[in-house]
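Open the model in your viewer and keep the selection panel handy. We will go from stop to stop, picking residues and looking at what surrounds them.

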Amino acid sequence: MHNPSPLIPYPATITKIVDETGDVKTFTVEFDDPEVMERFGNKPGQVAELSVFGEGEATISITSSPTRGKFLEFSVRRVGRLTSVLHQMEVGQKIGVRGPYGNWFPYEMMKGKDLFFIGGGIALAPLRSLIDFVLSEQYRKDYGKVEILYGARSYNDLCFKSDLFERWPKCPNTKVYTTIDRPEEGWTGHVGFVPNYVEEVNPSPENKIAIICGPPIMIKFTLAVMEKLGFSDEQIITTLEMKMKCCIGKCGRCNIGSKFVCVDGPVFSLAQLKQLPPEF
Ligand SMILES: Cc1cc2nc3c(=O)[nH]c(=O)nc-3n(C[C@H](O)[C@H](O)[C@H](O)COP(=O)(O)OP(=O)(O)OC[C@H]3O[C@@H](n4cnc5c(N)ncnc54)[C@H](O)[C@@H]3O)c2cc1C
Ligand code: FES
């Protein structure tokens with residue numbers, strides 16, 4: 001089906017819903033016209049606009065890797081009106097999807113390197129698309145050791161538990177570290193904040209790229225640790241989250257200096273971020 005405007009969403013159906021935490025659900029979505037998926041061509045790190053018809057749209061990272069099948073997955077935190085309506089929806093109901101938007105993780109540049117993923121809370125969602133991409137049968141040989149360090153406030157706040165505790169640890173040359181902020185009955189794993197755990201794990205910067213995504217406070221302290229460990233600005237990749245509306249570089253809601261996060265980002269290296277106005 002030809003889409004006459006980039007702002008018109010394609011109809012899609014919710015085919016699966018997973019409760020990740022008390023306020024995060026992962027929606028699996030399939031386009032009603034399978035040809036749309038053929039052309040969609042999303043790459044790890046890109047976002048889409050999800051619409052609940054008659055309610056509005058929200059910018060959400062595509063958390064599934066294109067290597068996993070002819071569906072898209074979105075992990076959505078219930079924060080406001082639109083996301084609350086989405087959370088009440090059920091399998092079989094229709095939503096709209098337009099995209100994919102933005103740039104993607106520089107997975108070509110990462111080839112031959114070890115990867116160290118650092119995620120906090122729901123911000124594992126954009127990283128998950130790249131993690132599944134590099135761990136796929138198709139691309140695993142192109143990358144070195146893959147380490148994933150992820151933390152959330154409590155066990156219940158950890159997203160993607162089956163990936164963290166079952167799927168990813170079984171992949172070759174892959175290690176998963178999880179942590180929660182405070183001790184909890186029944187939790188025998190690591191306790192403490194993400195930046196401190198990174199320092200404990202002490203990754204060597206040699207031939208390594210760190211990909212970091214989390215709440216601003218986590219990013220701030222993690223960047224300080226990475227600097228201490230000897231990572232250069234070019235070895236650190238992150239994604240920005242700004243309020244967005246059009247996602248096609250027209251409305252100006254997401255600009256930072258001369259850049260639009262929706263077309264120039266959301267993925268930036270720390271070296272690129274340092275060229276932006278001081279608040280970033
Ligand atoms: C690049 C990008 C990727 C994103 N990926 C995801 C994702 O994978 N999963 C997910 O759950 N959310 C993601 N978001 C955030 C998501 O777009 C917003 O939370 C959502 O649009 C809020 O919709 P709402 O109508 O329910 O909330 P509203 O009723 O519009 O707002 C509720 C509250 O959330 C705040 N808020 C709304 N939008 C944003 C925003 N973009 N950044 C910070 N605060 C905001 C508002 O200030 C308000 O306090 C992403 C945003 C961007 C820009
Ligand atoms: S969201 Fe409209 S310009 Fe970026």
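A residue is called buried when its relative accessible area is under 20%, exposed when that value is over 50%, and partly exposed in between. Keep in mind that this is a predicted model.

**Stop 1: two cysteines in a loop**

Select Cys-254, in the loop between strand 12 and strand 13. Its relative accessibility is 4%, so Cys-254 counts as buried, the cut-off being under 20%. Show its surroundings: leaving out residues up to four places away in sequence, Cys-254 touches Met-242, Lys-243, Met-244, Lys-259, Phe-260, Val-261 and Cys-262.

Now click on Cys-251, which is found in the loop between strand 12 and strand 13 (255–256). Is Cys-251 buried or partly exposed? With a relative accessible area of 35%, Cys-251 is partly exposed. Neighbours within four places in sequence aside, Cys-251 is in contact with Lys-245 and Cys-246.

Next, select Cys-246, Cys-251, Cys-254 and Cys-262 together; an unreviewed UniProt entry lists them under "binding site". They are spread over 17 residues of sequence but cluster in space, with a largest C-alpha distance of 10.3 Å.

**Stop 2: the end of a strand**

Move to Thr-239 in strand 12, which covers residues 236–239. Thr-239 is buried, at a relative accessible area of 15%. Beyond its neighbours within four places in sequence, look for its contacts with Phe-105, Pro-126, Ile-212, Cys-213, Pro-266 and Val-267.

**Stop 3: ligand 1**

Centre the view on ligand 1. Which residues come nearest? Of the 19 residues around ligand 1, they are Thr-59, Ser-75, Arg-77, Thr-83 and Met-242. By class, this shell has 10 nonpolar, five polar and four charged residues.

Zoom in on some polar atoms:

- Ser-61 has a polar side-chain atom 3.1 Å from a nitrogen atom of ligand 1.
- Arg-77 has a polar backbone atom 2.7 Å from an oxygen atom of ligand 1.
- Gly-80 has a polar backbone atom 3.1 Å from an oxygen atom of ligand 1.

Taken alone, ligand 1 exposes 880 Å², and the protein buries 69% of that. Colour strand 4 (56–61), strand 5 (72–77) and helix 2 (81–87): these are the elements that give two or more residues to the shell. Strand 4 makes the largest contribution, with four residues.

**Stop 4: an annotated domain**

Finally, select residues 7–107, which an unreviewed UniProt entry annotates as "domain: FAD-binding FR-type". The span is 14% helix and 44% strand, and its end C-alpha atoms lie 28 Å apart.

Terms used:
Residues numbered from 1 in each chain as written. Chains lettered and ligands numbered in written order. Predicted model: local features only at pLDDT ≥ 70, side-chain atom pairs only at ≥ 80, totals over all residues. Heavy atoms only, no water. UniProt positions renumbered as here; feature names shortened; annotations may be inferred. Buried < 20%, exposed > 50% of the residue type's maximum accessible area, 1.4 Å probe, protein only. Contact = heavy atoms within 4.5 Å. Near = heavy atom within 4 Å. Polar contact = N/O pair within 3.5 Å; in protein donor to acceptor, adjacent residues only side chain to side chain. Areas by Shrake-Rupley, 256 points an atom, 1.4 Å probe, with all protein chains shown as cover. Nonpolar A, V, L, I, M, F, W, Y, C, P; charged D, E, K, R; others polar.
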